Amino acid sequence: PDLAKSADPDKVSTAAGAIAESRLTPGLLYVGPDKGALWVTKNDGRDWTERSAGLPSRYIRSICPSRFVLPRVYLTLSGLNDDDFGVHIFVSEDFGAHWTSLAGNLPDEVAYGILEDPTNPEILYAGLYRGVYISVDRGRSWSHLGPEMPGAAVSRLVIQEREMDLLAGTYGRGIYKMNLRPVQAA
């Protein structure tokens with residue numbers, strides 16, 4: 001179907017902002033358009049269900065299906081296009097039927113990405129407007145990661161699993177790398 005449409009008129013979209021497939025179940029896909037209408041399919045796109053209730057009408061920037069718990073999914077939304085500089089990070093434990101904010105003690109700034117650690121489901125990484133943040137308690141509390149990284153907007157986070165390096169791509173400042181093994185061993 002047309003995934004730009006939504007049951008909520010405030011969430012009618014013009015573009016897809018993010019797409020992700022579950023590592024646990026091939027064919028479980030999530031698509032997030034630019035107005036907060038998240039869509040889920042469990043059968044490679046034959047049937048789609050909108051899972052937007054509880055999400056703000058904002059641009060879905062990243063989707064991270066859990067690699068540990070099948071119905072768990074994380075996402076970030078950006079209100080930058082609407083002059084909303086608040087932090088919008090959410091988790092669902094039921095394929096998006098219900099959402100819980102993970103904003104906690106994060107600074108009130110735009111969130112661009114979220115990742116789950118590949119070895120520990122309690123560790124999360126978030127890329128925000130002024131740096132990378134880490135949670136070791138699945139988003140209940142957050143800490144700024146690394147004083148050596150300048151306060152730059154982190155547009156993308158990737159974990160290279162063979163080396164276990166976290167890569168943070170920024171808007172205009174470059175790419176930063178940190179090995180995660182000390183964090184995972186703590």
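The model is predicted: local features need pLDDT of at least 70, side-chain atom pairs count only at pLDDT 80 or more, and totals for chains, interfaces and linings use all residues. Residues are numbered from 1 along each chain as its sequence is written, and side-chain values use heavy atoms, with hydrogens and water left out. The protein has one helix and 15 strands. Helices (H or I, at least four residues) and strands (E, at least two) are DSSP runs, numbered from the N terminus.

**Overall build**

- The radius of gyration is 16 Å, which agrees with the value near 16 Å for a compact globule of 186 residues. This radius is taken over C-alpha atoms, and the globule rule is 2.2 Å times the number of residues to the power 0.38.
- The C-alpha trace spans about 45 × 35 × 25 Å along its principal axes.
- Of the 186 residues, 51% are buried. Buried means under 20% relative accessible area, exposed means over 50%, and partly exposed lies in between (1.4 Å probe, protein chains only).
- Among contacts with a separation of 6 or more, 41% come from residues 24 or more positions apart. A contact means heavy atoms within 4.5 Å.

**The β1-β4 sheet**

- Four strands form an open sheet in the order β1-β2-β3-β4, with antiparallel pairing. Its edge strands are β1 and β4 (49-50), and each pairs on one side only.
- Two strands pair if DSSP finds at least two bridges between them. Strands of a sheet pair through backbone hydrogen bonds, either parallel or antiparallel.
- β1 and β2 run antiparallel and are joined by five bridges. Ala16 has Pro33 in β2 as its bridge partner.

**Around the β1-β2 loop**

- Gly27 sits in the loop between β1 (16-21) and β2 (29-33). Its relative accessible area is 2%, so Gly27 is buried.
- Gly27 touches Glu21, Thr41, Lys42, Asn43 and Asp44, leaving aside residues up to four places away in sequence.
- Gly27 and Gly45 are 18 residues apart along the chain, and 7.3 Å separates their C-alpha atoms.
- Leu29 belongs to strand β2. Leu29 counts as buried, at 16% relative accessibility.

- Six of the six residues of β14 are buried, so β14 is largely enclosed by the rest of the structure.
- In a regular strand the side chains alternate between the two faces of the sheet. Asp165, Leu167 and Gly169 point one way from β14, while Leu166, Ala168 and Thr170 point the other way.
- Strand β13 (residues 154-160) runs antiparallel to β14, with six bridges joining them. Arg156 has Gly169 in β14 as its bridge partner.
- The β13-β14 hairpin has four residues between its strands, and Met164 in the turn has a positive phi of about 60 degrees.
- β14 and β15 also run antiparallel, joined by five bridges. Here the bridge partner of Gly169 is Ile175 in β15.
- The β14-β15 hairpin has four residues between its strands, and Gly172 in the turn has a positive phi of about 80 degrees.

**The aromatic pair**

- The structure holds one aromatic pair. Tyr112 and Tyr171 form it edge-to-face, at 5.5 Å centre to centre and 65 degrees between the planes.
- Tyr112 lies in strand β9 (residues 111-116) and Tyr171 in the loop between β14 (165-170) and β15 (175-179), so the pair ties together parts 59 residues apart in sequence.
- Rings of Phe, Tyr and Trp (its six-membered ring) pair if their centres lie within 6.5 Å; planes under 30 degrees apart count as stacked, over 60 as edge-to-face and the rest as tilted.
- Tyr112 is buried at 4% relative accessible area, whereas Tyr171 is partly exposed at 45%.

**Gln184 in the helix**

- Gln184 lies in helix α1 (residues 181-185). Gln184 is buried, with a relative accessible area of 19%.
- The side chains of Gln184 and Asp117 make a polar contact of 3.0 Å. A polar contact is a pair of N or O atoms within 3.5 Å; within protein, one must be able to donate a hydrogen and the other to accept it, and residues adjacent in sequence count only if both atoms are side-chain atoms.
- Gln184 touches Asp117, Pro118, Thr119, Ile123 and Met164, not counting residues up to four places away in sequence.
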